[in-house]
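Biologist: Please take a close look at the charged side-chain pairs in this model. Keep it plain, and show me where each partner sits.

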Amino acid sequence: MVIYNLMEKIVSLCKRRGFIFQSSEIYGGLSNTWDYGPFGVELKNNVKSAWWKANVYGRDDILGMDAAILMHPKVWEASGHLKSFKDPFIKCPACLQFFRLDTIWDKIWNSDWFTSLRETMMGDKDSSYLLRWAKTEGKKLAPNLNLVKEPEVTISWIADLHHKFGGVEFDFKTYVGRIACSRDGIARTPCPNCGNPLPEESMAANLMFETLFGPVKETAQKVYLRPETAQGMFVNFLNILDSKHP
Ligand SMILES: [Zn+2]
């Protein structure tokens, strides 16, 4: 996969040159958190200061401010974040990975198994290619895909669809859905990772990062890391207005 390989190259270059490292890498790493190395911190500070100069010093209608990362829970209650700052997720029952519902088809399109399947079926190919793929590459890349588990049954379901990818008439979701469909023939969404048909039901994942505020756990208040950068300027609007226009 071209994009994935490019990203891997960039990450390893950044690490070698001391720009950025995965946080806590020495203990196996903490996902989605990063530490800046000697060049990285300089680059980050330069970008930050160039942005500040252009957007704060360079304009008459903007004032600078910096809000604490923790805010009173009532702020998030009033803004609606506590109630609705959630994303629908789907969990694959086979490989137990979580996927955001709105990005799932992009993930399938960019997955190793679909890329391989697409390349195999490029041009005018009949179902024997599909069968061969299911028994070789498919087995390695998407072991839980229905096409891999029951190739003959699945191929009979998709026999009425085009046996090629690409072109204006190509309906990606229908085609891939049929590939992952079970014996009942209903198109399902395959897991981008292992190909297993995903459940219809999604779950809501709360995107708020909560922590406890106070010296003792029992009496501590539940607070949240600011999930929206802009909130600081809203809750401080009157303070800033009063301080600049007494
Ligand atoms: Zn899976």
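Modeller: A salt bridge here is a side-chain nitrogen of Lys or Arg within 4 Å of a carboxyl oxygen of Asp or Glu. Side chains of opposite charge can pair when their charged atoms come close. The model is predicted, so local features need pLDDT of at least 70 and side-chain atom pairs pLDDT 80 or more, while totals for chains, interfaces and linings use all residues. Numbering runs from 1 along each chain as its sequence is written, and side-chain values use heavy atoms, without hydrogens or water.

How many salt bridges are there? A search of the whole structure gives 8.

Start with E137 and K140. Their closest N and O atoms are 2.9 Å apart. Where are the two partners? Both are in helix α8, which covers residues 137-141. (Helices are DSSP runs of H or I with at least four residues, strands are runs of E with at least two, and both are numbered from the N terminus.) E137 and K140 are 3 residues apart, about one turn of the helix. Now check how open each one is. E137 has 31% relative accessibility and counts as partly exposed. K140 is exposed, at 62% relative accessible area. (Buried means under 20%, exposed over 50%, and partly exposed in between, with a 1.4 Å probe and protein chains only.)

Next come K15 and E25. Their side chains form a salt bridge with an N to O distance of 2.9 Å. This pair links distant parts of the chain. K15 belongs to helix α1, while E25 belongs to the loop between β1 (20-22) and β2 (34-36). The two residues are 10 residues apart. How accessible is K15? K15 is partly exposed, with a relative accessible area of 38%. E25 is partly exposed too, at 36% relative accessibility.

E200 and R188 both lie in the loop between α11 and β6, and so the pair ties together parts that are 12 residues apart in sequence. E200 is exposed, with 63% relative accessible area. R188 counts as partly exposed, at 22% relative accessibility.

The protein chain has 13 helices and 8 strands. Of its 246 residues, 27% count as buried. Contacts also tell us about the fold. (A contact means heavy atoms within 4.5 Å.) Among contacts with a separation of 6 or more, 54% join residues 24 or more positions apart.

The loop that holds E200 and R188 also holds C191. What does C191 do in the model? It is one of the protein donors of the zinc ion, along with C92, C95 and C194. Each donates through its SG atom, and they lie 2.3 Å from the ion. (Donors are N, O and S atoms within 2.8 Å of the metal, or 3.2 Å for Na, K and Ca; water is not among the atoms, so sites may look incomplete.) The 4 donor atoms subtend angles of 106 to 117°, which makes the arrangement tetrahedral. (Four donors count as tetrahedral if all angles lie between 85 and 135 degrees.) Along the chain, the donors follow the spacing C-x2-C-x95-C-x2-C. C92 is in the loop between β4 (86-91) and β5 (98-100), and C191 in the loop between α11 (172-180) and β6 (203-206), so this pair ties together parts that are 99 residues apart in sequence. Are C92 and C191 buried or exposed? Both are buried.

Finish with H81. H81 is in helix α4, residues 81-84. H81 is buried, with a relative accessible area of 7%. Which residues does H81 touch, leaving aside neighbours within four places in sequence? They are W76, M208, P227, E228 and Q231. Take M208 as an example. H81 and M208 are 127 residues apart in sequence, and their C-alpha atoms are 8.1 Å apart in space.

Notes. Tetrahedral: all angles 85-135°; square planar, octahedral: opposite > 155°, others 65-115°.
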